[in-house]
Amino acid sequence: MSTDSAAAPRTRTFLSALGVYAERPSLVMVALGFSSGLPYFLVFDTLSAWFRASGLSLEVIGFFSLVTLISTFKFLWAPFIDRTEVPVLTPWLGHRRAWMLLCQVAIIAGLWLLAGSDPTRSLGRIAVFAFLVGFSYSTQDIAIDAWRIESAGVSKQGAMAAAYQWGYRVAIIVAGAVPLLLAQSYGWNFAYAVMAALMAVGVAGVLAAPREQRHTIRPIQTEGIQPAPARDAVEWVLRLVVLGAGALVLGSGLAANAGVLGRVLGAIGAPGPRDAVLAAWSSGARVWVHLAAIVIGIGLIVVAAMPLPGARTRPGVYLSSALADPLRDFFSRYGPAGGLILALICLYRVPDFVLNIMNPFYLDLGYTLVEIAEVRKIFGVVMTMFGVFAGGVAVARYGLMRAMVIGALAGPLSNLLFIWLALQEHNLFVLFAAIGLDNVAGGFAGTCLIAYMSSLTSAGFTATQYALFSSFYAIPGRLIASQSGRIVEAAARLADAGGVLAGVKAFVASEAPQNFAAALQRSGVTPAALGTGYVVFFAYSAMLGVFAIVLSIAVERRQRERTEADRGGDGGTGED
C-alpha cells in the first residue's frame with residue numbers, strides 16, 4: 001500500500017478535500033459511471049419489461065437475467081486486459097482508455113442490434129446481442145476500474161469512486177424510466193436506439209480523460225520451454241473446458257440459480273445430473289449447496305490454472321502467471337496480513353447485503369407501495385448519493401483507513417434504526433429517517449471500500465487484482481443474505497412458542513400493538529411474533545457488522561505500525 005494510504009496521513013482541510021471533486025479525473029468519472037450503469041440496467045432490468053410486454057414467459061425472462069452473471073467472472077479475463085494492447089487505439093489513447101473505447105463501441109453496437117430485433121421472432125439473436133452487451137460492459141468495468149486506480153493517487157480514490165457512483169446511479173434512473181416512457185409512445189425498438197445513442201456520454205468521457213500513467217506489462221517467463229503446438233493445443237482446450245466448468249459452477253452458486261448449469265447439462269445429454277442439480281438448488285439445504293458450488297467452482301478454476309506436475313508447458317505457465325501471480329504479488333507485499341485484509345474485504349458490506357427483505361418488511365408494517373417507492377427509490381437514492389459524496393470527502397480529508405473504520409461503524413448502527421421503525425406505528429417521518437440514514441451509511445461505506453480495494457493493487461496487476469477483490473467481497477454477503485427471510489420467520493415462530501424470545505414478544509406487543517396486523521395471514525404467526533422476528537433479525541444484522549469493525553481496527557493498527565516502521569527506516573523524517 002502506498003504511503004498515501006497510511007493510517008495517519010497528513011490531515012487536509014475540508015475545502016481542499018472538497019476540491020478533489022472539481023478536478024478533471026473526477027468529472028470524467030461521472031461520464032464513465034454513466035456509461036457503465038446504462039447497459040447493465042438495460043440488460044438486467046429494462047429488457048425484462050420489453051419481453052413481458054411482448055408476451056414472453058417469466059421463465060424466459062428469468063433466464064435472460066442471468067446474463068448479468070458475466071460480471072461475476074470478469075477476473076478470469078482481466079489478466080488479458082492487463083497484458084494485451086488494442087491495435088491502433090493503444091498508441092493513440094493509452095492502454096486503459098483504448099479498452100474503454102473499444103468496449104463502448106461494442107456496447108453501442110449491441111444495443112443498436114437489440115433495437116432492431118423482435119423478441120417474438122428472433123429470441124436467439126437477442127440472446128447473442130444481450131451477451132455481447134453483458135460481456136462488453138463487464139470488460140469496460142475492468143478497464144474503468146484500472147484507469148481510475150492508475151490515474152489518481154490513493155487519497156483521491158474516494159472522490160473518484162463517488163463520482164463513478166453518481167454517474168452510475170443517474171444511468172440507472174435513466175435506463176429504468178426513459179425507455180419505458182419512449183416505448184409507450186414510439187415502441188421498444190426506438191427506445192433502445194435512443195439508449196445506444198446515449199452511450200456517447202461514455203465516449204466523450206474517454207476522449208476527455210487524461211492518459212493514465214505509463215502502463216506496466218509483467219513478463220511471462222517461458223524461456224526454456226520447447227514449442228509443442230499439437231500438445232499445447234490439446235492442453236489449452238482441456239484447461240479452458242475446466243476453467244469454463246469452474247466459472248459455470250461458481251456463478252450458479254453465487255446467483256443461487258442453477259438454470260444455466262441445468263441447461264448445459266441437458267444440452268450435453270445428462271438429464272439425470274441436470275435434474276439432481278436443479279433439485280439440490282431448490283432443496284431445504286440449498287444454502288450449503290450454493291456454498292459447495294462456490295468452493296467447487298473456485299477449486300476447478302485453481303486446477304485449470306495450475307502447472308502440470310513436473311512439467312513446464314506454455315498453457316500452464318500462461319494461466320498460472322495470469323491468474324495466480326496477482327495473488328502471489330498481493331501476499332508477497334502484505335505477508336500474513338494479507339489474509340486479514342481479504343477477510344475485511346469479504347465481511348465489510350455484509351450488514352448491508354443481508355437487508356434483502358426490506359420491501360416485505362415495509363409492507364408488513366402497513367406502508368403502501370407508493371410510500372415505499374417515494375421514500376426508498378427517490379429519497380433513498382438521493383441520500384445514498386450524499387453518503388457517497390461524504391465517503392469521498394472523508395477519504396480525502398482523514399485518510400483511507402480512518403474512513404474505513406468510520407464506515408464499518410456506520411453500517412451496523414444504521415441497521416439498528418430499523419428496530420426503532422419496527423416499534424413505531426405508521427409514521428412517514430420515522431420511515432424517512434431510517435431509510436435516509438441507512439442509505440447515507442451504505443453510500444459512505446461503499447465508497448470507502450472501493451477506495452480501499454483500489455489502494456491494494458500494484459502496477460501490472462491493477463485490473464486483475466481489483467477484479468478479484470470485487471468478486472471476493474460479494475461472496476459471503478450473497479450466501480448469508482439468502483437466509484434473511486428464514487431468520488425472521490424462525491424467530492417469529494420461536495416467539496409464538498413461548499421460548500427465549502417470549503420477553504421480546506411481550507415488549508413488541510406493548511410498544512406497537514397495531515403493527516404487523518396482517519402477520520397471521522401472511523406468515524402464520526401473531527403480529528407481535530412477526531415484529532419480534534424482525535427485531536431479532538435487525539439486531540443480528542448489526543452484530544454481523546462487529547466482525548468488520550474489529551477487522552477494520554486491526555488492519556488500521558497494522559498499517560499504522562507498518563508506516564511508523566517505514567518512517568523509522570527512512571531516518572524518522574515523518575514525511576509522507
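Close-up 1. A salt bridge is a side-chain nitrogen of Lys or Arg within 4 Å of a carboxyl oxygen of Asp or Glu. The model is predicted: local features need pLDDT of at least 70 and side-chain atom pairs count only at pLDDT 80 or more, while totals for chains, interfaces and linings use all residues. Residues are numbered from 1 along each chain as its sequence is written, and side-chain values use heavy atoms, leaving out hydrogens and water.

**Close-up 2. Asp 329 and Arg 333 in helix α15.** The side chains of Asp 329 and Arg 333 form a salt bridge of 3.0 Å, N to O. Both residues lie in helix α15 (residues 314-334), and because they are four residues apart, about one helical turn separates them. Helices (H or I, at least four residues) and strands (E, at least two) are DSSP runs, numbered from the N terminus. Asp 329 is buried at 13% relative accessibility, whereas Arg 333 is partly exposed at 24%.

Close-up 3. Arg 121 and Asp 118 meet through their side chains in a salt bridge of 3.8 Å, N to O. Arg 121 is exposed, with a relative accessible area of 76%; Asp 118 is partly exposed, at 29%. Elsewhere, salt bridges link Asp 82, Arg 96 and Glu 150 in a network. The count of salt bridges comes to eleven.

**Close-up 4. Trp 147 in the largest nonpolar core.** A nonpolar core is a set of buried Ala, Val, Leu, Ile, Met, Phe, Trp, Tyr and Cys residues joined through side-chain atoms within 4.5 Å. The largest one has 44 residues, and Trp 147 is among those that touch the most other members, as are Met 29, Leu 32 and Met 100. Leaving aside neighbours within four places in sequence, the contacts of Trp 147 include Pro 25, Val 28, Arg 96, Met 160 and Glu 212. Contact means heavy atoms within 4.5 Å.

**Close-up 5. Val 303 in helix α14.** Val 303 is placed in helix α14 (residues 286-305). Together with Ile 298, Val 302 and Met 306, Val 303 forms a nonpolar patch on the surface, with about 330 Å² of accessible area in total. Patches are made of residues with over 30% relative accessible area and no salt bridge, where like charges are joined within 9 Å and nonpolar side chains (Val, Leu, Ile, Met, Phe, Trp, Tyr) within 5 Å. Accessible areas come from the Shrake-Rupley method with a 1.4 Å probe; for residues, only the protein chains shown count as cover.

Conventions. Buried means under 20% relative accessible area, exposed over 50%, partly exposed in between (1.4 Å probe, protein chains only).
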